[in-house]
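Here is a short report on one model.

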Amino acid sequence: MLREFLRGAAQVHVLHHAAEGDVYGAWMAGELRRHGYEISPGTLYPMLHRMEETGLLVSRGEVAEGRTRRLYAATDAGRSQLALVRAAVAELADEVLPAGERPKRRRREPTRAEGGKA
Ligand SMILES: [Zn+2]
C-alpha cells in the first residue's frame, strides 16, 4: 500500500512542478530525491510518458549542449487534476495527521533561479 501511495505522490509532485514551469527528467529525479523518493530512471521516464499519454503533461524537445532533452509542462487538464488532488491531500492530512503535525503553512521550496534546477 505504501508503495502504491508513494507512486501516486511522486506523480502529484511532478504535476505540481510541471504546473509552475517546464521540468525535465533529470531535474525531476533530483527534486524527488531531495524529498526522499528513491525513483529510478526506469520508473520515472515511463511515468512521465504515461502522464503525457493521459493528457496531464505535454512535452517538447529542446537541444541543450548538443543533447536533446524533453521538457514537460502541465496541460489545463493536468492543472484541473492538481486542484482536485490538492483538495484531497488537504482532506486526507486533516483526517489522518495528529493535530500537532498538520501543516499550517506551505513549506517554501528553492526556486530554480536559486539553483533548484540541476
Ligand atoms: Zn518539489
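An open sheet of 3 strands has the order 1-3-2, with antiparallel pairing. Strand 1 and strand 2 are the edge strands; each has a single partner strand, so one side of each lacks a neighbour in the sheet. Strands here are DSSP runs of E with at least two residues, and helices are runs of H or I with at least four, both numbered from the N terminus. Two strands pair if DSSP finds at least two bridges between them.

This is a predicted model: local features need pLDDT of at least 70, side-chain atom pairs count only at pLDDT 80 or more, and totals for chains, interfaces and linings use all residues. Residues are numbered from 1 along each chain as its sequence is written, and side-chain values use heavy atoms, with hydrogens and water left out.

## Strand pairing

V63 stands opposite T68 in strand 3. V58 has A73 in strand 3 as its bridge partner. The two strands form a hairpin with 2 residues between them. In the turn, E65 has a positive phi of about 50°.

Strand 1 (residues 23-24) is joined to strand 3 (residues 67-74) by 2 bridges, again antiparallel. Here V23 lies opposite Y72 in strand 3.

## Helix packing

Two packed helices are described by the angle between their axes and the distance between the axes. Axes are lines fitted to C-alpha atoms, for helices over the stretch in contact; angles run from 0 to 180 degrees between N-to-C directions. The axes of helix 1 (residues 2-20) and helix 2 (residues 25-34) come within 11 Å and cross at roughly 120°. The two helices are therefore oblique to each other (angles under 35 degrees count as roughly parallel, over 145 as roughly antiparallel, 65 to 115 as roughly perpendicular and the rest as oblique).

Which residues of helix 1 meet helix 2? They are A10, H13, V14 and H17, and they meet W27, M28, E31 and L32. Contact means heavy atoms within 4.5 Å.

## Glycine 25

G25 is found in helix 2. Is G25 buried or exposed? At 5% relative accessibility, G25 counts as buried (under 20% relative accessible area is buried, over 50% exposed, in between partly exposed; 1.4 Å probe, protein chains only).

G25 touches L44, Y45, L48 and R70, leaving aside residues up to four places away in sequence. The C-alpha atoms of G25 and V14 are 9.7 Å apart, with the two residues 11 residues apart along the chain.
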